[in-house]
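Hi everyone, thanks for coming. I'd like to walk you through one model this morning, so please have a look at the screen.

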Amino acid sequence: MKLGILGDIHGNIEALKAVCETAVLQKVDKLYHLGDVGGYAPFVNEVVDFLVEHKIEGVQGNYDEAVGNNKEHCGCRYENPLQEEMAALAFEWTKKHASGKSKEYMRSLPFEIAFSCHGRTVKIFHATPLKNNLYWHQDRKDKFFLEMADKAKAGILIYGHTHIPYRRDVDGKVFINAGSVGKPKDGDTRACLTLVECLPEGVKTDFIRAPYDLERVASAIGESGLPVYFAERVREGK
Ligand SMILES: [Fe+2]
């Protein structure tokens, strides 16, 4: 079975449509999203409607938990005061503009999805098996990876949150960060679609990048009242 994984969409409907079109071309059997459906771009309600309409299952991100429950803070971490200020504005904007239906959808998302594949347990979650806002980058020690596999009780772990895709294999366990559909931070502006194929002989992974109409999203950010700071980030892939 070929899975298509959609990491952090963050209100970017154009990027979401682009990866879904790519998934059809790639003959993906099933799509999952990794949460954080709103924030930073203005199409939070369109993204939720699209996911519901296309029956794309997914898990709850820290942003979904915070917006869905009208929390004070999104649980994000910031690298500098400007980023913190801009992110706070985007968070307030999203809480104000997400519909009741969208918030209900965010609240209803499960923390994780689990299934088995050729005798191995696959777990899908937003950031880590226990916390939805911890940044799990590729350069963490092997010990951390194995602890997470232990907590998840899984051999194949799929997650996002950092917006930077990678795969690492540690002691036969497979760790896949699916990057981000709507707000990549690896310098590549294209939306990321992560393919995961579980086969009897092993797991195949492919990170496919789908171009989309960046300028439409960038100008919509500017017109929506969201900080233009995020239009610049979309143009830079940062
Ligand atoms: Fe995110």
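Predicted model: local features only at pLDDT ≥ 70, side-chain atom pairs only at ≥ 80, totals over all residues.

Residues are numbered from 1 along each chain as its sequence is written, and side-chain values use heavy atoms, with hydrogens and water left out.

So, which residues hold the iron ion as protein donors? They are Asp 8 (OD), His 10 (NE2), Asp 36 (OD) and His 163 (NE2), at 2.1 to 2.5 Å from the iron ion. A donor here is an N, O or S atom within 2.8 Å of the metal (3.2 Å for Na, K and Ca), and since water is not among the atoms, sites may look incomplete. In sequence, the spacing of the donor residues reads D-x1-H-x25-D-x126-H. Asp 8, in the loop between β1 (2-6) and α1 (13-25), and His 163, in the loop between β6 (156-159) and β7 (166-170), link distant parts of the chain, 155 residues apart. Helices (H or I, at least four residues) and strands (E, at least two) are DSSP runs, numbered from the N terminus.

Asp 8 and His 163 are both buried. For burial, the cut-offs are under 20% relative accessible area for buried, over 50% for exposed, and partly exposed in between (1.4 Å probe, protein chains only).

Most residues other than glycine have a negative phi. With a relative accessible area of 2%, His 10 is buried.

His 118 also has a positive phi, near 50°. Its place is the loop between β4 (112-117) and β5 (120-125), and at 51% relative accessibility His 118 counts as exposed.

Now the helices. α7 (residues 214-224) and α8 (residues 229-236) pack at about 165°, with axes 8 Å apart; axes are lines fitted to C-alpha atoms over the stretch in contact, and angles run from 0 to 180 degrees between N-to-C directions. The contact (heavy atoms within 4.5 Å) involves residues including Leu 214 and Ile 221 of α7, and Phe 230 and Val 234 of α8.
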